[in-house]
Amino acid sequence: MDGFDLAPLLAPEGWRLLESLPPYDPDQALALGESLRREGHSPALVAAALTQQRLRGRATAKFGPFAARMLFTPDALEQATRLAVSAHHASRYARAGSQYVADLGCGIGGDALALASLCPRVLAVDRDEPTAALATVNLSPFPNAEVRCADALEVDLRAEGVDAVFADPARRAGGRRIADPESWSPPLGRVLALREQVAALGVKAAPGIDHALLPADAHVQWVSVDGEVVEAGIWCGPLAPEGPGRSALVLRTGADGAPAPHVLADPDCADPSAPPTQLDPVTGAEELGEFIHEPDGAAIRAGLVAHLAGRLGATPVGHRIAYLTGTRPVGPELAPFVRTWRLVEVLPLHLKALRSRVRSRGIGRLEIHARGVDVSPDALRASLRPRGDVGEVWLLTRIGSRGDGGHGRSPRGAVLVVEPVGPSTGQSPAAPSSQAHDSHPST
Ligand SMILES: C[S@@+](CC[C@H](N)C(=O)[O-])C[C@H]1O[C@@H](n2cnc3c(N)ncnc32)[C@H](O)[C@@H]1O
């Protein structure tokens, strides 16, 4: 755990002080600290209480109003599963009829909270003592949840009578992401081997996991929240009623503030470890259609680009590029899974020409996305120094097959000038995950 002192808060005076604080307000934090110290609280207690108040404020994005009753560390909050997603995890266990779920590596209890809400009994295990202490506080409203400080792999699941396991291995060390699943803690292979003891096993894995490492008989579901891909959930046995395969769960916050779920699955994929289908791209810029569709990151990671292309009647603009082009707008059933633009113009990716366009047209607002080209949208925008009233959206990409720029004057790439498709198509455009994208990560 990151070295700050929680001990003062776990004494009655500390707890009372924390509970008496108003919601975090950055403009008031300094004055509040001073007045609490003047009232006679120790500097250590005041620092600990104000840190928790600030973390609770930040945690509201993940835990809503529950955050105000929870305790966090910055690292554990960062790693915790948000309620909108953990509720989907927990509902798999509830639907499977799981009676006693072990959450192995429970952290501050993000997933255990949801499991304890929907399942009869939960054993939440973490080997880090302070983290387990925080989980104990956070799970205290649930008498059906027990927190244990232990090594996850040393829990005797059969002797405990556990009939289902959830694991969210730690994928960071020293502030850095660990790419190799066998270096996660506990390692992915050791967690998956628990299936010999318990058939109902679920694992939260990194969204970038190599498909070849996935168990062929599992259902793997990539999840995005408002455009950000947050995980690949590996679901085994009764937790995978869909059967083996891959799907995308896209959660989009609606006008009511609630995340609406949309699921996309490829009925032709019955083995999540199989490589996704690759489609041939258009041969050149002249084949680009009126529309450009960008699949949601969860659909891309799930290898569903070819499936989406088939349903949209669209074709990749370049080799392994997740921009699809076609002549049909998107219908309401696929609208949650793609962002669609109308193609206005195709330009070569030449800095001088782009600079003169920005100057001559008075372009001041430039939204730039990139896939498959080694150009940073932020760096390009900075070097173009847009100033003016006109706005444009540019997609930087490659057109055509590999080794063929597909644009006579620009073997290195092209700029698709596009405009958002308005509500006339009945589409509710998906929000962009970020300004910069890569080519398909795993397709
Ligand atoms: C990614 S976090 C879990 C977050 C949790 N799902 C949540 O939503 O709050 C992983 C946790 O696993 C714990 N951990 C790592 N290796 C472990 C092991 N061998 N046994 C028990 N816990 C372990 C770490 O201390 C960390 O708290």
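Start by selecting Tyr93, Phe166 and Trp235: ring pairs join these three into a cluster. Here, rings of Phe, Tyr and Trp (its six-membered ring) pair if their centres lie within 6.5 Å; planes under 30 degrees apart are stacked, over 60 edge-to-face, and the rest tilted. You're in a predicted model, where local features need pLDDT of at least 70, side-chain atom pairs count only at pLDDT 80 or more, and totals for chains, interfaces and linings use all residues. Numbering runs from 1 along each chain as its sequence is written, and side-chain values use heavy atoms, with hydrogens and water left out.

The structure has 4 aromatic pairs. Zoom in on Tyr93 and Phe166: their ring centres sit 6.5 Å apart with planes at 80°, so this pair is edge-to-face. Now show the cartoon: Tyr93 belongs to helix 5 (residues 83–96) and Phe166 to strand 4 (residues 164–167), 73 residues apart. Helices (H or I, at least four residues) and strands (E, at least two) are DSSP runs, numbered from the N terminus.

Next, select the ligand. Its shell holds 22 residues, the closest being Thr81, Asp126, Ala152, Asp168 and Ser185; a residue belongs if one of its heavy atoms lies within 4 Å.

- Ser185: a side-chain N or O atom is 2.6 Å from a ligand nitrogen.
- Thr81: a polar backbone atom is 2.8 Å from a ligand oxygen.
- Arg127: a backbone N or O atom is 3.2 Å from a ligand nitrogen.

Finally, zoom out and colour domain 1 (7–59), domain 2 (77–265) and domain 3 (285–425); these bounds come from an automatic or database domain assignment. The C-alpha centres of domains 1 and 3 are 48 Å apart.

Notes. A polar contact is a pair of N or O atoms within 3.5 Å; within protein, one must be able to donate a hydrogen and the other to accept it, and residues adjacent in sequence count only if both atoms are side-chain atoms.
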